[in-house]
Amino acid sequence: MCFLPPVSQDARSPTESYFMWLWHSRLYLYSAAALVFGLWFLLKKVRHLLIPYSNLCLETKEVHVSGVKIFYGSQTGTAKGFANELSEEVKALGLPAEVIDMKDYDPDDQLADECISKSVCVFLVATYTDGQPTENAEWFCKWLEEASTDFRYGKTYLKGLRYAVFGLGNSVYVGHYNTVCKNVDKWLWMLSGRRIMTRGEGDCNVVKSLNGSIQADFLAWKVKFLNRLKTLAKGEKKSCSGKCKTEGSCKNKRKDRGDIQPEPRGAENFAKCPSSCFLLLPSKDIDVYMAVDHNRLKVLFLPQSKEESQRDGQMVKLSKLNGVQKIEDEGERREMITPALREALTKQGYKLIGSHSGVKLCRWTKSMLRGRGGCYKHTFYGIESHRCMETTPSLACANKCVFCWRHHTNPVGTEWRWKMDPAEKILEDALEKHQNMIRQFRGVPGVKPDRYEEGLAVKHCALSLVGEPIMYPEINNFIRLLHHHQISSFLVTNAQFPQEIRYKSLVPVTQLYVSVDASTQDSLKKIDRPLFKDFWPRFLDSLKALGEKKQRTVYRLTLVKSWNVEEMQAYSELIALGQPDFIEVKGVTYCGESSASSLTMANVPWHQEVVTFVQQLADMLPEYEIACEHEHSNCLLIAHTKFKVDGEWWTWIDYERFQELVQAYDESGGQQTFSALDYVAKTPSWALFGAQEQGFDPAETRFQRRNKSKDISGC
């Protein structure tokens, strides 16, 4: 038998030795691998659970909104007030906020910095006369307009700027409603600014305001802005990245992609990116347009045929949304007096009646109750000031005059679009409220008992408190009721409603006034700031309509120094056009500083300046002469010479005779007419121009205040 010697370990190759070690150590290797895999799996799970918390920590550290800069362009102070209000709300969210007057900001040097500052810019801009920006926003808007079309700036000059725009306007100014805010939005967009939310448009016209008033419009927009701001502060983005097209559709393409480069930004492409998207949902009978935006969800109906345009007493009106029509119930008209307006007028001493009327105690009524003299109507026409009720059935007006006593707190409009109260109710409440105000003077030191008792019985009504009384649809019924109560009527109109003045449209009034605040188209536009585009033809037509009246007619001229006192020849031509019976020339009354008007004390003429103007004007009018003067009111009366009989003036009114004549007129159905000369009375000597009394009734006691306080009441 042969035996082989054993092989020693040294005789094995290194490879064989390695594999042998792996084989003998396999249990340990499997255990180590399992342990490593388990640890890896555990760490992965823990990391997955901790990612949200780590991201949250990162987000809180990263600043997405560094602050909010609120720019305002304001004329009356409303936009400024909104800016301060919004600033406080933003600060309450924990974000810095800065309110900036546009006149104090240089866009050329500073606006580009907002693109990288991570701030959000808010523009609260009002639209002023003729669709122009307010005085403090003129330069900012001019720069923005020029930069948007200047190739040197480029179309991406404001890329990265995040902005929002809210406009303050009035829809009764057809053609330039909220023009400034639309332009600012457009110019910023053309420079590649990014709108963070829908443009807001506040409307001072309570009839068409979406929320009932401009304050409510701003509140609704502000709530949505603050919500959007909170979203931006978290770094969240909009889910919709589709493009809005003019065809009225919105394609929402939600793909994992970066920001889409916009189309070339020019004025011609601005309409392709509106602030809202519209979806067209077809139907068999009607087309339903659903307007979808960040502010609201609204369904609008467009009837297919004209026959379907009016159903169940509903009125179809044209909407601003892409020419779509919507159905508006006639019975859903809003009240003229909004809560904010009610509060403002009540503070001014108005006693409001119903939804669109008011009454207020004139300072001359208070004066004559004390035996301290009456107003110029007492001097010129013989009214008893303590028995005169100053009221209006319409607080709305078609002008925004620079010398408005009420600083434009009353509403404006070109037509009646509000709820309407019956004339009987208005007169009943007016008399009651006026008498209650008179009763407050019972037992007051200085008030004469006999004047107090007379004051409770109203004998005259001045429809000149505020607004445009002739706008009230039932004005004729209201005037008839006055005459039925043996109350004379003094109606003032602003020469913008010629058809309502016409002979067949307006019943006889004791005295009909037309305010002639300027004699040329440019100065009238500057002083009255009318709402009508065709204000000048309306003005001239109103004067012609006045010339057709048979009863007493009056031009009322308000002289505003360095504005309209130089237009002598033009005034004489207007007087020849309407041939009024009388011309009252009065210096403007300064009612205190107002951001709505640039009028100052420098624009108030001295009485002697008014006298000089009247003398020069009378010399140019062959059939007119100066008849009366009321120095206290800075007012003179030019009268037609037909009221001068045998060298004596008969400008006063026989009120009892007028009531007899108007009663006969009504009973005859308008067949038995009468003229201004049928109810005249002789003017006393103290009321005549040149008299020593200068129009102050000698039966009264002149009272001079040592420290005259500002008083904006009275006529």
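Is Glu 114 buried or exposed? Glu 114 is buried, with a relative accessible area of 3%; buried means under 20% relative accessible area, exposed over 50%, and partly exposed in between (1.4 Å probe, protein chains only). The model on display is predicted, so local features need pLDDT of at least 70 and side-chain atom pairs count only at pLDDT 80 or more, while totals for chains, interfaces and linings use all residues. Residues are numbered from 1 along each chain as its sequence is written, and side-chain values use heavy atoms, with hydrogens and water left out.

**Stop 1: Glu 114 and Lys 69**

Select Glu 114 together with Lys 69. The two form a salt bridge, and their closest N and O atoms are 2.9 Å apart. The term denotes a side-chain nitrogen of Lys or Arg within 4 Å of a carboxyl oxygen of Asp or Glu. This pair links distant parts of the chain, 45 residues apart: Glu 114 belongs to the loop between helix H4 (107-110) and strand S3 (119-126), and Lys 69 to strand S1 (residues 67-73). Helices (H or I, at least four residues) and strands (E, at least two) are DSSP runs, numbered from the N terminus. In contrast to buried Glu 114, Lys 69 is partly exposed, with a relative accessible area of 22%.

Side chains of opposite charge can pair when their charged atoms come close. The structure holds 20 salt bridges, and two further examples follow.

**Stop 2: Lys 222 and Glu 85**

Select Lys 222 and Glu 85 next. Their side chains meet in a salt bridge at 2.7 Å, N to O. Lys 222 lies in helix H7 (residues 214-233) and Glu 85 in helix H3 (residues 78-92), so the pair ties together parts that are 137 residues apart in sequence. Lys 222 counts as buried at 4% relative accessibility, whereas Glu 85 is partly exposed, with a relative accessible area of 34%.

**Stop 3**

Select Arg 199 and Glu 201, whose side chains meet in a salt bridge (3.1 Å, N to O). Arg 199 is buried, at a relative accessible area of 17%, and Glu 201 is partly exposed, at 25%.

**Stop 4: two helix pairs**

Display helix H5 (residues 138-149) with helix H6 (residues 179-190). They pack at an angle of about 40 degrees, and their axes are 9 Å apart. Axes are lines fitted to C-alpha atoms, for helices over the stretch in contact, and angles run from 0 to 180 degrees between N-to-C directions. H5 and H6 are therefore oblique to each other; angles under 35 degrees count as roughly parallel, over 145 as roughly antiparallel, 65 to 115 as roughly perpendicular and the rest as oblique. The crossing of H5 and H6 is left-handed, a term used if the near helix is turned anticlockwise from the far one by less than a right angle, with right-handed used if clockwise.

Move on to helix H11 (residues 423-439) and helix H13 (residues 475-484). Here the packing angle is about 45 degrees, with the axes 9 Å apart. H11 and H13 are therefore also oblique to each other, but H11 passes H13 in a right-handed crossing.

**Stop 5: a nonpolar surface patch**

Which residues make the nonpolar surface patch of about 630 Å²? Select Tyr 18, Phe 19, Trp 21, Leu 29 and Tyr 30. Patches are made of residues with over 30% relative accessible area and no salt bridge: like charges are joined within 9 Å, nonpolar side chains (Val, Leu, Ile, Met, Phe, Trp, Tyr) within 5 Å. Accessible areas come from the Shrake-Rupley method with a 1.4 Å probe; for residues, only the protein chains shown count as cover. Helix H1 (14-24) and helix H2 (26-61) each supply at least two residues of the patch, and H1 gives the most, with three. Leu 29 lies in H2 and is partly exposed, with a relative accessible area of 39%.

**Stop 6: single residues**

Select Asn 178, in the loop between strand S4 (162-169) and H6. Asn 178 has a positive phi of about 55 degrees although it is not a glycine, and it is buried, with a relative accessible area of 0%.

Finish at Phe 539 in helix H16 (residues 535-547). Phe 539 is buried, with a relative accessible area of 1%.
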